[in-house]
Amino acid sequence: MSPPIELTKTGRPRLNRLRLLGRRVITLARAATLVAFAATRAYAADIGHLAPPGAAANEFPLPQRPVAQIVSPRRSAEENRDALNETGQIARLLELKPGMTVGDIGAGSGYHTVRISHLVGPEGSVVAQDVTRDYLVKLARRVERLKLTNVKFALGEPHDPRLPASSLDAAILVHMYHEIANLMPSSTISRPP
């Protein structure tokens, strides 16, 4: 049971020293958050949804296959991925050409974004899309450092990339299946045997 609240002559609750200290700590924490926010504001201000919401997550059917295991460690470092010519294989299979608009859905740190940017050239563009704003902010810094001018950023949702219809010539979805949500109520989910 908490102690009764003491009131001042005006009828307001009297704040004890512990509460005042707690308020000061909260105020300092808010100030620190604002400073951290201001440092990334220039990048984060340009990152948002490019289109209105699409269909609700529960309108999509459940996948009728098991989810793939997390990729092997040999694909974790960019040097290893380059040695396997990962982007080159994708570009060949999708017949990517200069001038195309390519979506890197689940862009993460931007491995494919920065490489495809060079493939599509200044007349083309790459839409780096992710559901995690912090990833896009870090990628925006990388793109600026590399002086890439043909990359756009798009914040999506786990069930909806939030991209305008017919806005891409091609899209890649690499190492991101685990980010896709199926928000159907568990009572309606029927799993394969």
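This is a short chat about the predicted model of one protein chain.

Me: How many helices and strands does the chain have?
Reply: In this predicted model, the chain has five helices and four strands.

Me: In what order do the elements run from the N terminus on?
Reply: They run α-α-α-β-α-β-α-β-β.

Me: What about the sheet, which order do the strands have?
Reply: The order is 3-2-1-4 in an open sheet of four strands, and the pairing is parallel.

Me: Which are the edge strands?
Reply: Strand 3, residues 151–155, and strand 4, residues 170–173. Each of them pairs on one side only.

Me: And how are neighbouring strands turned against each other?
Reply: By 20° on average, with direction ignored.

Me: Back to strand 3. How many bridges are there between strand 2 and strand 3?
Reply: Five, in the parallel sense; strand 2 covers residues 125–130. Within this pair of strands, Q129 stands opposite A154 in strand 3.

Me: Which helix packs on the sheet?
Reply: Helix 4, residues 111–120. Helix 4 touches strand 1 (101–105), strand 2, strand 3 and strand 4.

Me: What angle does its direction make with that of strand 2?
Reply: The direction of helix 4 makes about 165° with that of strand 2.

Me: New topic. How many of the residues count as buried?
Reply: Of the 193 residues of the chain, 29%.

Me: And what does the accessible surface come to?
Reply: About 13,400 Å², and 58% of that belongs to carbon and sulfur atoms.

Me: Last one, on contacts with a separation of 6 or more: what part comes from residues 24 or more positions apart?
Reply: Such residues account for 72% of those contacts in the chain.

Note on methods:
Residues are numbered from 1 along each chain as its sequence is written. This is a predicted model: local features need pLDDT of at least 70, side-chain atom pairs count only at pLDDT 80 or more; totals for chains, interfaces and linings use all residues. Side-chain values use heavy atoms; hydrogens and water are left out. Two strands pair if DSSP finds at least two bridges between them. Helices (H or I, at least four residues) and strands (E, at least two) are DSSP runs, numbered from the N terminus. Axes are lines fitted to C-alpha atoms, for helices over the stretch in contact, and angles run from 0 to 180 degrees between N-to-C directions. Contact means heavy atoms within 4.5 Å. Buried means under 20% relative accessible area, exposed over 50%, partly exposed in between (1.4 Å probe, protein chains only). Accessible areas come from the Shrake-Rupley method with a 1.4 Å probe; for residues, only the protein chains shown count as cover.
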